[in-house]
Structures are given as C-alpha cells and as structure tokens.
Amino acid sequence: MVNVQFIANRLRMPDSLPVHRFDVPAIVLTGGGSRHQVGKVAQEMGAKRVLLITDPGVREMGIADGIKTNLTEAGCDVRIFDDVQPDPTDRNVSAGESALKEHAADLVVAVGGGSPIDTAKVVAVRPANPSPLKDYIGLHKIKNPGIPLVAIPTTAGTGSEATKVAVITDTSREIKMMMLSAPLLPRVAIVDFELSVSMPKGLTAAVGVDTLTHGMEAYVSKKRNLMTDPLALSCVRLVGNHLKRAWTNGDDRYAREGMMIAACHGGMAFSNSSVCLVHGMSRPIGAVFHLPHGLSNALLLPTVTEYSWQSAPDRYAEIARALGCADADTKEADACGALVEYLEELNRYLELPRLSQWRGVSKGLFDRQVEKMAADAIASGSPDNNPRIPSQEEIVELYRKAW
Ligand SMILES: [Fe+2]
C-alpha cells in the first residue's frame with residue numbers, strides 16, 4: 001500500500017531551501033530593425049505622452065530623432081531630454097524629473113548606453129518615490145512602481161535594459177549610488193544590434209569586458225541560482241565567441257548581434273544574482289578618477305579573478321571552458337590559471353590601458369584615495385557576494401596590484 005504521508009514528505013521542499021526572485025522585462029524584442037517597433041509597443045501600452053531620455057552623443061547620431069519619429073507616427077506627443085552625462089549624476093536625475101513633470105509623460109523611453117538608461121530608470125520612479133536619492137541606495141529600497149519604461153540600448157553593453165539596477169553619482173559625496181529595486185526594471189527592452197554597429201573600438205572593448213564581468217560575477221556570486229546560471233554562462237560563451245570579432249571588425253553584424261544578446265543575458269543574470277568584488281571595487285575608481293565603468297572593470301578583472309578563484313575553482317573552471325580557454329578534461333586549477341591568462345591577454349588584445357596609463361590619473365592621487373576607495377568598495381556590499389571576501393587591507397592590495 002502506498003504510504004501517502006511518506007510521498008508527501010518527500011515532495012515537500014525543506015524549509016531551509018532558499019527562495020530566489022527573478023525579475024526580467026515583460027517583453028524583450030530582439031533582432032536588426034526591432035527599434036522600428038517602438039511606436040507599436042507604445043500604442044499597445046496605451047501611451048500618449050512620451051519623455052524620450054537620451055544623451056547628446058546619441059542624439060547627434062540621429063538615433064533619438066529616429067525613435068521620436070516612430071513614436072510620433074504612432075500618435076504620441078514626444079519630448080526629448082538629453083541632459084545626461086557619462087556616469088550620470090543626481091543633477092541629471094533632477095533635471096529629468098522636471099522634464100517628466102512639465103511634459104506630464106505617461107511613458108518613458110530611454111535610448112543610449114547605460115547612462116541614459118540608468119537615468120531614465122530613476123527619473124521614471126521619482127514621482128512615486130520622492131525621498132532624497134540617498135534613501136534608495138542598496139537593495140529593494142524603492143517600493144512604488146513608476147511610470148512604465150521602454151529601454152533601447154545602443155551599446156553592448158551594460159545590460160541595463162534588462163536589469164533592476166541603476167548607478168547614479170552623488171556629486172556632493174563623490175560616490176556612486178547603487179540602487180537595486182524591482183520598480184527600476186524596464187517594462188520593455190528593445191535589443192536592436194544595428195544600433196551598436198557604429199560603436200568605436202574603445203567603447204566596444206570597455207563595454208564588452210563589462211558584459212563579460214557581468215556574466216562571470218553572476219556565475220560565481222553567492223546569490224547565484226538555477227535561474228541565473230544558464231544566462232550567466234550564455235553571456236560568457238557569447239563574449240568568448242564574439243567580442244574580439246566585434247572589436248576587430250565593427251561591421252561584423254553577426255558578432256555585434258552576439259555581443260548585444262550577451263549583454264542582455266548578462267544583465268538578466270546579474271540583476272537577479274548580484275555582481276561581486278570587481279564591481280564593488282570598480283565603482284570607487286569611476287567615482288574618483290572618472291574612468292568609464294567598463295574600463296575600470298576591465299583593469300580589475302584579471303587581478304580579482306586571480307585572487308578569487310581558489311574559493312570556487314569549479315565555477316571559474318566552467319567559465320574558462322565557456323570562454324574556450326580550457327577543455328572539459330582540463331584540471332580545475334589549470335583551467336583557472338588559463339582563465340587569468342586569458343583575461344590579461346584579452347585586455348592587451350583590446351588595447352585596454354591599466355589604471356596607471358589612463359589620462360589624468362596620478363600616482364599621488366591614487367595613493368591619497370586608495371584607502372577611501374577600499375572603504376567605499378566594502379560599503380557598497382558587492383564584495384560580500386564574492387566567493388572569497390576580502391578585508392579592507394586586501395582590497396587596498398588588490399587596487400595596488402591592478403595599478
Ligand atoms: Fe557593469
């Protein structure tokens with residue numbers, strides 16, 4: 001006779017099994033030319049008044065005007081807001097809030113790299129979450145849903161179109177405010193690789209290694225889970241297949257599409273499993289030296305990987321295999337060693353400078369700031385997700401090693 005209670009006990013999840021939350025955009029459009037669907041999407045969402053958030057560079061290229069035309073033809077009244085700088089600031093957000101209010105927008109469309117998209121995320125939630133921005137730093141502090149957001153990335157990329165994360169610089173304290181909350185997630189992501197074809201080599205390299213860092217950190221994070229693992233490894237594999245090709249020949253549409261999807265997968269993965277030590281240490285470098293985000297990740301990635309892999313050799317070995325720098329039967333330690341070498345070689349191939357080679361970065365300023373940078377890195381919380389958690393002194397050492 002079947003013991004019903006026995007079966008019920010076997011099927012019941014243990015109380016200690018963790019619950020993981022997985023947030024992604026409700027709609028993701030991919031493929032060359034998918035940006036031309038933005039008006040149709042806005043119509044489906046019932047939008048009438050659109051604030052289109054971009055930056056001056058994207059606007060100059062005519063991309064924002066193309067999106068505006070498409071939205072206008074769909075019956076929307078569109079206002080463009082382009083007062084967004086690289087590493088967007090609290091001032092950019094305030095100006096965007098005013099534009100949103102003046103235009104009485106019922107939809108926000110963001111087009112550009114991570115900076116306009118991050119700005120748009122925060123602007124869209126401000127009417128329903130009006131406390132000072134610093135109150136929203138950290139995890140799940142933004143409670144109320146904002147105005148719906150459609151994100152159209154032009155770089156591959158930050159993956160911002162698929163994440164519930166925004167990073168805004170606090171200009172008074174010179175720190176980057178990292179906010180992770182479900183209301184920041186775009187409702188729709190339109191991932192059109194054609195927009196990334198004109199990216200210059202330096203940008204292709206920096207955002208490409210940022211993408212790789214997202215995939216790697218999502219895969220080794222202490223908050224990884226069975227929903228994020230496949231996306232994280234897919235991101236890493238796509239970068240291994242496509243980044244050098246996209247950098248070498250910007251017109252390689254196949255490689256550009258591969259990198260655009262890599263960025264989207266990486267964004268979905270890290271948004272739901274968190275980034276780790278590289279991003280934790282990277283943000284303070286960006287805040288102090290005003291390096292592009294992808295570049296500050298790239299210059300840390302080999303050093304931090306070398307420091308971290310011994311606490312999760314199986315995970316890092318899997319990353320090495322996904323990148324093609326180790327075989328299925330390569331011993332874990334050898335695969336991890338090959339991974340560190342691969343990352344160093346990748347930076348050289350992509351002509352990414354070390355921190356000491358970046359214009360305007362002096363050794364004196366570095367020495368004066370390194371302790372504060374290490375303290376800010378720890379305060380961000382990201383290092384706690386790392387397989388190996390460093391002390392403040394160890395972070396200082398890692399900064400010096402990456403110098
Ligand atoms: Fe990043």
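**View 1. Strand β8 in its buried setting.** All 6 of the 6 residues of strand β8 (residues 175-180) are buried, so this strand is largely enclosed by the rest of the structure; buried here means under 20% relative accessible area, with exposed over 50% and partly exposed in between (1.4 Å probe, protein chains only). Strands (E, at least two residues) and helices (H or I, at least four) are DSSP runs, numbered from the N terminus. The model is predicted, and local features therefore need pLDDT of at least 70 while side-chain atom pairs count only at pLDDT 80 or more, although totals for chains, interfaces and linings use all residues. Residues are numbered from 1 along each chain as its sequence is written, and side-chain values use heavy atoms, with hydrogens and water left out. In a regular strand the side chains alternate between the two faces of the sheet. From β8, I175, M177 and M179 point one way and K176, M178 and L180 the other way, and all are buried.

**View 2. The strand partners of β8.** Strand β7 (residues 165-170) runs antiparallel to β8 and is joined to it by 6 bridges, with V167 standing opposite M178. Strand β5 (residues 138-139) is parallel to β8 and is joined to it by 2 bridges, and G138 stands opposite M179; two strands pair if DSSP finds at least two bridges between them. A hairpin is formed by β7 and β8 with 4 residues between them, and E174 in the turn has a positive phi of about 55°.

**View 3. The iron site.** D210 (OD), H214 (NE2), H279 (NE2) and H293 (NE2) coordinate the iron ion at 2.1 to 2.3 Å, where donors are N, O and S atoms within 2.8 Å of the metal (3.2 Å for Na, K and Ca), and water is not among the atoms, so sites may look incomplete. The donor residues follow the spacing D-x3-H-x64-H-x13-H in sequence. D210 and H214 both lie in helix α7 (residues 201-220), 4 residues apart, about one turn of the helix. D210 counts as buried because its relative accessibility is 1%, and H214 counts as buried at 2%.

**View 4. Lining of the largest cavity.** The largest cavity is lined by M216, E217, V220, C276, V278, L301, V304, T305, Y316 and N386; on a 1 Å grid over the protein atoms alone, a cavity is a set of points where a 1.4 Å probe fits but cannot get out, and lining residues have an atom within 4 Å of a point. Helices α7 and α11 (293-308) each supply at least two residues of this lining.

Note on methods:
On a 1 Å grid over the protein atoms alone, a cavity is a set of points where a 1.4 Å probe fits but cannot get out, and a pocket is an open set with protein on both sides within 12 Å along at least five of seven lines; lining residues have an atom within 4 Å of a point.
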